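Q: I'd like to learn how to read a structure like this one. Can we go through it together?

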Amino acid sequence: RIPTSPGAAAFNDKGCGMAQLLNEFDCERTLKNGTYWMPFTANRRVKEHPASRIITSAKGAYYYTAEGKPLFDTLSGLWCTPLGHGHPRIVEALKTQAETLDYCTAFQMANPVTVRLAERIAGMAPNGLDHVFFANSGSEAVDTALKIALGYHRLRGEGGRFRMIGRERGYHGVGFGGMSVGGIVPNRKMFANGMMNGVDHLRHTYDSAHMAFSKGQPAWGGEYAEDLERLIGLHDASTIAAVIVEPVQGSTGVLVPPVGYLQRLREICTKHGILLIFDEVITGFGRMGDNFASQRFNVKPDMITFAKAVTNGIVPMGGVIVSSDIYDTFMTGPKNAVEFAHGYTYSGHPLAAAVGHAVLDIMEEESLISRARSLEIILEEAIHSLADLEGIKDIRNIGLTAAIDLVPASDAPGARGLPLFELGLKNGLLLRCTGDTVSFGPPFISTTEQLQDMVETVRRLIVSVTQ
Ligand code: PLP
């Protein structure tokens with residue numbers, strides 16, 4: 001049963017003035033005039049139909065539009081709300097923390113809520129990754145990890161290691177560091193003159209000729225990791241600080257690592273003294289059916305970046321989990337000197353930390369990570385049942401993620417997604433469409449029926465956009 005819209009009534013009860021604001025405010029008009037510049041959005045397209053793009057509330061696995069129409073949240077926000085929306089325990093944790101300690105200066109002072117969260121996160125990470133540095137987003141987490149890598153080598157007398165190796169089709173956020181190691185062409189093009197020095201990219205691991213319609217990890221393609229040896233040969237290991245990869249490339253449509261690929265990257269990095277960073281901003285906190293993808297794939301990186309699900313998307317938080325070797329390397333020099341000249345005003349914000357505890361409590365008590373693992377089977381079966389549709393080029397899945405590539409229109413490659421997205425809005429689905437790809441990362445609280453309904457609706461929509 002799809003719940004009915006919670007609407008704005010809740011605001012009335014609290015008398016916080018929001019209901020009045022919403023009643024008197026013409027959101028459509030302001031969207032049309034562009035005062036609000038929307039991120040990663042075709043803004044001019046929104047201006048043509050602003051009403052369909054306004055969400056006013058959310059509960060569980062659904063968003064609600066201004067008209068009270070439910071939209072199933074097929075990507076858990078932007079991969080960040082695995083527990084669904086409006087969980088009363090999280091709301092309570094946020095409120096209680098706001099009343100107790102709403103902010104704590106992040107430099108030179110600490111608060112127990114954040115310190116304990118660091119301990120819990122380290123406890124969930126692979127053994128030996130024992131130290132947590134907090135940031136506020138995935139982009140900040142990535143830039144922090146890259147700076148840690150530079151500092152680590154310099155402190156060890158290897159300051160010549162300045163190069164970073166990313167991967168084609170990788171997404172690591174939008175900071176200058178993350179953008180530079182990222183490998184999505186449109187995200188780089190406009191800013192080409194501002195890239196970090198000395199960055200190179202591994203080739204991506206996707207090859208539709210060998211991998212199309214794989215379930216889980218493709219058996220073919222582990223040897224793509226040897227591309228790292230090529231880059232090391234080209235640049236010399238003594239100039240390379242770190243390799244950063246998403247274990248599963250999320251933003252470019254769930255590109256799953258071939259069997260053996262991540263293991264081999266690990267071996268090559270170890271052999272050449274290069275740090276390996278797993279960007280787990282999407283895969284961290286259960287999305288792969290394990291705490292981290294590192295555990296699912298049984299490969300231990302030197303650093304893990306995280307964000308998104310750690311707070312169920314409710315307040316911003318990100319961070320880096322680092323090995324003891326890295327941490328200990330920084331903890332040298334004069335005792336009263338700052339060891340790492342880096343941090344954010346809101347690093348380890350107590351509100352985010354309190355929410356983080358509530359999220360982890362709920363995940364543990366309701367065994368939601370195992371649930372994600374069980375739902376993987378349901379999603380896999382449902383999504384691959386679309387394989388016989390004519391308009392589909394590939395279907396992939398792993399953990400509670402999946403993606404479908406549509407056959408591109410011959411006259412307009414990359415243009416299938418937007419009409420599909422807009423059709424989704426009319427048919428009760430908030431879809432994540434990029435180019436000709438639609439990606440899925442439903443909430444862990446989804447039911448079998450919701451996942452099956454989602455896929456059946458997608459079947460109808462694909463037939464209608466590819467005909
Ligand atoms: N890294 C990965 C793997 C991501 O998927 C994302 C966001 O989707 C980021 C970094 C950037 O995170 P944020 O948008 O919180 O800056």
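Q: Which helix gives the most to the shell around the ligand?
A: Before that, two ground rules. This is a predicted model, where local features need pLDDT of at least 70, side-chain atom pairs count only at pLDDT 80 or more, and totals for chains, interfaces and linings use all residues. Residues are numbered from 1 along each chain as its sequence is written. Helices (H or I, at least four residues) and strands (E, at least two) are DSSP runs, numbered from the N terminus. Here the top contributor is helix H8 (residues 138–155), with 3 residues.

Q: How many residues surround the ligand?
A: A residue is near a molecule if its C-beta atom, placed from the backbone, lies within 6 Å of it. The ligand has 15 residues around it, and Ser 137, Gly 138, Ser 139, Gly 173 and Val 281 are the closest.

Q: What is the strand order in the open sheet of 4 strands?
A: Strands of a sheet pair through backbone hydrogen bonds, either parallel or antiparallel. Two strands pair if DSSP finds at least two bridges between them. The order is E1-E2-E3-E13, with mixed pairing. Strands E1 (55–59) and E13 (429–430) are the edges, each pairing on one side only.

Q: In what sense do E2 and E3 pair?
A: Strand E2 (residues 62–65) runs antiparallel to strand E3 (residues 70–73), over 3 bridges. Across that pairing, Tyr 62 stands opposite Phe 72 in E3.
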